[in-house]
Every structure is written in C-alpha cells, then in structure tokens.
Amino acid sequence: MTWEAVTSLLWLLVSVVLVIGLAYWFTRYVAGRGLLGPGQKGRGMEILAQLSLGRDQRLALAQVGGRYFLLGITAGQITTLAEFTKEEAALWQERPEVPDGQPPSFREALHTVLQQKRRR
C-alpha cells in the first residue's frame, strides 16, 4: 500500500467520524432545547389533559395563550369541540374524591362540565 492510499484512508476515516460526531452533537442540541418538532416549549401552547377514545381517537384539552379548547383528534383531522374559560378548564384537571373509589365515567364528567358552562 502506498503512502497516498494510507493518507486517503485516514482522511476518509477522520471525515466519517467527524460527520457522525457533528450529527450526534446537533441532534442532542436540537432535541435538548425543543427547537424542532411538535413538542416546542415556551410557545404558549400546551396539552393539559388527554383521553383515549379508541384506536387513533382521543379528546384533548389544549391551552393556547389564555384560551382553552376541547379538541377531538383522529388520524385524519383535529376538530374544535368546545372552548372553555380558565375556571372550566381547571375542572378537567381536578380529580374529585368519589365515595366508592370509582372515578366518574367520561360521559358523566363531560355532562358535568357542560352543565356548569350553561349556568354561566
């Protein structure tokens, strides 16, 4: 093997290691700060609560700035089902004590929240 071939092989090895190292550092930097992707923090948006309804179907309570939305989420779309005040949204996050140890069903919880909204 000639000296040129050895030098070329070493440069190739150094370049590959450098590219892998930079890719690792960059992904750690970006992922660690949440700069890309749907999980951005500090942008005024947050999912406060979620409830799975079935395969690829769920309800989510989202806060966007000072507004609160109940969203229906499926694989194909996201639909705004209702908008709540801060007080109404706080009810979704509370877990009231139930005497028999059973939490209320989703239907009962939704019915309670909607009744409270109608009263205001």
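A salt bridge here is a side-chain nitrogen of Lys or Arg within 4 Å of a carboxyl oxygen of Asp or Glu. Please keep in mind that the model is a predicted one.

With that cut-off, how many salt bridges does a search of the whole structure find? It finds two. One of them joins Arg55 and Asp56, and the closest N and O atoms of that pair are 3.9 Å apart. That distance counts because the cut-off is 4 Å. Arg55 itself is exposed, at a relative accessible area of 75%.

Another salt bridge is formed by the side chains of Arg67 and Glu83, at 2.9 Å from N to O. Arg67 belongs to strand S3 and Glu83 to strand S4, so this pair ties together parts that lie 16 residues apart in sequence.

Strands of a sheet pair through backbone hydrogen bonds, and they can do so in a parallel or an antiparallel way. In this model, four strands make up an open sheet, in the order S1-S2-S3-S4, and the pairing is antiparallel. Which strands stand at the edges? They are S1, residues 45–54, and S4, residues 78–84. Each has a single partner strand, so one side of each is left without a neighbour in the sheet. From one strand to the next, the twist averages 20°.

Take S1 and S2 as an example of the pairing. S2 covers residues 57–64, and the two strands are joined in the antiparallel sense by eight bridges. Among the bridge partners, Gly54 has Gln57, in S2.

What packs on the sheet? That is helix H3, residues 106–119, which touches S1, S2, S3 and S4. The direction of H3 makes about 50° with that of S4.

Last, a place on the surface. Met1, Leu9, Leu12, Val16 and Ile20 form a nonpolar patch there, and together they have about 570 Å² of accessible area. One of these residues, Val16, is found in helix H1, which runs over residues 3–33. Val16 is partly exposed, its relative accessible area being 41%.

That is the end of my part. Questions are welcome.

Methods: Residues are numbered from 1 along each chain as its sequence is written. This is a predicted model: local features need pLDDT of at least 70, side-chain atom pairs count only at pLDDT 80 or more; totals for chains, interfaces and linings use all residues. Side-chain values use heavy atoms; hydrogens and water are left out. Two strands pair if DSSP finds at least two bridges between them. Axes are lines fitted to C-alpha atoms, for helices over the stretch in contact, and angles run from 0 to 180 degrees between N-to-C directions. Contact means heavy atoms within 4.5 Å. Patches are made of residues with over 30% relative accessible area and no salt bridge: like charges are joined within 9 Å, nonpolar side chains (Val, Leu, Ile, Met, Phe, Trp, Tyr) within 5 Å. Accessible areas come from the Shrake-Rupley method with a 1.4 Å probe; for residues, only the protein chains shown count as cover. Buried means under 20% relative accessible area, exposed over 50%, partly exposed in between (1.4 Å probe, protein chains only).
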